[in-house]
Amino acid sequence: MKIYAPNVHLFAFQLYKGSNIDANLSTDDLNFLWESGDAVVRETLKRDLQISQHLDIHKPESKRVDLLKDAEVIDDNYALSFDGQVSYNQHQNLLVTGLAHPLRFSDSYGLWLNLRRPEQENNQQTEDLETDFLQVFNPNNCLFFPKHRLFLGQALLITGWLTSAKDKNNIRQIADECLNQIFPNQSTAPPFYRQGQLFGSPIFEYGLTDNLANYQHVLVWLFADNQADINLNKCFQELIDLFFHRTKVVKAYQDSRKIYKELDSVYRQIETTIDNIPERQANQPATHKYLQELQKQLKTFPQLAFKYARLLRNLEEYANTIAINVDNYNIKLKVIQDTLPKEDLSFLAHFTQNQAATFQRQIQADLGYFNNGSQLLDQAINSIRGIVEIEQTESDRSLERTVQILGIGFGGGAIASGIIVQHIDKINRPISLSLNYPPHPFYASLILSILATSAFIYIGFLITKRK
């Protein structure tokens with residue numbers, strides 16, 4: 001299968017600031033996107049573009065800033081142009097041209113990198129090419145950037161012209177061939193997702209968001225006439241913005257799945273901790289050890305509550321990020337619609353109406369489920385505090401009762417002892433420990449005092465029990 005003037009457009013994005021990003025990022029971190037773009041040009045055309053050397057990253061803040069230095073802007077073109085020769089079929093060298101357009105969005109850097117076989121060379125139309133020519137755009141898999149903590153994601157748009165009317169009967173086959181030529185290992189190629197029409201030409205989308213861990217987003221757009229190319233040039237800047245907001249939405253949902261797993265783990269930990277709350281046996285007094293176990297649980301729960309609340313907040317932030325970027329996507333889509341009022345943009349609108357909407361519903365369902373965990377945690381903390389307070393109150397009452405009983409007993413015994421002692425001086429018999437003599441009155445006084453104290457303790461017990 002042949003196509004005419006094949007193009008590869010790479011849209012890649014990375015964060016450069018944010019609340020969860022270190023304030024002191026290294027130069028390598030900040031230049032990740034530009035160096036990855038340099039690597040593509042170096043691999044394909046053996047050119048050292050050094051994108052970062054052409055940038056003014058200190059331009060005033062705005063929602064969207066072209067970063068190319070003003071001195072290098074020619075005819076209001078904020079892209080770096082380059083070209084070079086590539087070897088094709090070991091028999092011929094062909095000209096490939098390209099451009100690199102660096103941008104800055106609110107909190108991110110963006111790079112639109114284009115490699116193409118020009119439509120004309122030396123004022124002559126270039127020849128049609130087999131789809132395997134697309135391999136020269138991706139030597140050593142350079143089009144797919146490595147993982148990086150600041151990397152948001154990327155998308156590939158492959159375009160080419162259908163060469164004849166008969167190609168219209170094999171459009172899907174041509175699109176599949178284009179995809180497979182880009183991926184050196186076809187087992188890693190994203191699966192087919194859907195097809196449609198954009199600006200009157202067929203377009204195919206590959207990549208399923210069901211498998212976010214290995215997600216790749218690729219579009220193959222085969223031009224049937226000049227109108228698609230003309231309209232593309234009219235709205236290309238807005239199309240870059242669409243890819244940016246789309247990437248932010250997908251990345252936020254990917255990160256929300258990680259938070260979901262952490263929340264689920266903490267939720268299970270909360271349930272296990274609640275199940276392990278010690279229970280006091282019925283009709284058994286609360287021991288000091290039992291109260292200590294409850295106090296230990298009270299120390300554990302606030303730590304879980306703080307971690308759980310933080311994770312819930314992160315999940316809510318991802319929901320907000322998705323909502324903001326969905327709105328921005330729709331705003332840019334309306335700009336395109338206003339520019340091209342007669343065009344059907346349903347293919348582009350599909351993302352927010354279906355995939356992004358599914359993401360939002362899923363996160364809202366997660367928040368509803370895990371908010372129950374917060375309520376469960378609050379109830380557990382309040383329950384344990386209530387148990388501790390009740391047990392402490394019962395313990396205090398028991399101690400108070402004991403004090404009352406002993407107070408009554410010793411008080412009454414002291415009174416009785418005082419009366420008995422008053423009569424000891426009337427007895428002048430010497431104390432003797434011999435069993436041959438009758439008991440000395442001192443012993444009688446001691447025994448009577450003990451008996452009196454015991455009697456009053458019993459009376460106190462009956463009085464406090466009645467209360």
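Visitor: Where does Lys46 lie?

Guide: Lys46 lies in the loop between helix H2 (32-45) and strand E2 (64-66), where helices (H or I, at least four residues) and strands (E, at least two) are DSSP runs, numbered from the N terminus. This is a predicted model, in which local features need pLDDT of at least 70 and side-chain atom pairs count only at pLDDT 80 or more, while totals for chains, interfaces and linings use all residues. Residues are numbered from 1 along each chain as its sequence is written, and side-chain values use heavy atoms, with hydrogens and water left out.

Visitor: What is the phi of Lys46, and is the residue buried or exposed?

Guide: Most residues other than glycine have a negative phi. Lys46, however, has a positive phi, near 55°, and is a residue other than glycine. Lys46 is exposed, with a relative accessible area of 64%; exposed means over 50% relative accessible area, buried under 20%, and partly exposed in between (1.4 Å probe, protein chains only). Asn141 is not a glycine either, and its phi is positive at about 60°. Asn141 sits in the loop between strand E8 (129-130) and E9, and is partly exposed, with a relative accessible area of 32%.

Visitor: Which residues of helix H4 are buried, and which are exposed?

Guide: An α-helix has 3.6 residues a turn, so residues three or four places apart point the same way. In helix H4 (residues 226-234), the buried residues are Ala228, Asp229, Asn231 and Leu232. These four cover an arc of only 165° around the axis, which puts them on the same side of H4, the arc being that of the directions from the helix axis to the C-beta atoms. Asn226, Asn233 and Lys234, on the other side of H4, are exposed.

Visitor: What do the buried residues of H4 pack against, and which residue caps the N-terminal end of H4?

Guide: The buried residues pack against strand E9 (151-162), strand E11 (201-206), strand E12 (217-223) and helix H5 (236-275), and contact here means heavy atoms within 4.5 Å. The cap at the N-terminal end of H4 is Asp225, which has a side-chain oxygen 3.0 Å from the backbone nitrogen of Gln227. Such a polar contact is a pair of N or O atoms within 3.5 Å; within protein, one must be able to donate a hydrogen and the other to accept it, and residues adjacent in sequence count only if both atoms are side-chain atoms.

Visitor: How many cavities of 30 Å³ or more does a search of the whole structure find?

Guide: Rolling a probe the size of a water molecule over the atoms shows where empty space is left. On a 1 Å grid over the protein atoms alone, a cavity is a set of points where a 1.4 Å probe fits but cannot get out, and a pocket is an open set with protein on both sides within 12 Å along at least five of seven lines; lining residues have an atom within 4 Å of a point. Here the search finds one cavity of 30 Å³ or more. The largest cavity has a volume of about 160 Å³, a volume being the space filled by probe spheres set on the points, which are joined across faces, edges and corners. Of the 16 residues lining the largest cavity, His217, Leu219, Phe243, Tyr329 and Leu348 are the closest to its centre. H5 gives the most to this lining, with four residues.

Visitor: What is the volume of the largest pocket, and which residues lie nearest its centre?

Guide: The largest pocket has a volume of about 1,200 Å³. Its lining has 44 residues, of which Leu212, Ala213, Asn214, Tyr215 and Gln254 lie nearest the centre. E9, H5 and H7 are the elements that give two or more residues to the lining, and the largest share, ten residues, comes from H5.

Visitor: Is Phe351 buried or exposed?

Guide: Phe351, in helix H7, counts as buried at 3% relative accessibility. Leaving aside neighbours within four places in sequence, Phe351 is in contact with residues including Arg246, Val249 and Tyr329.
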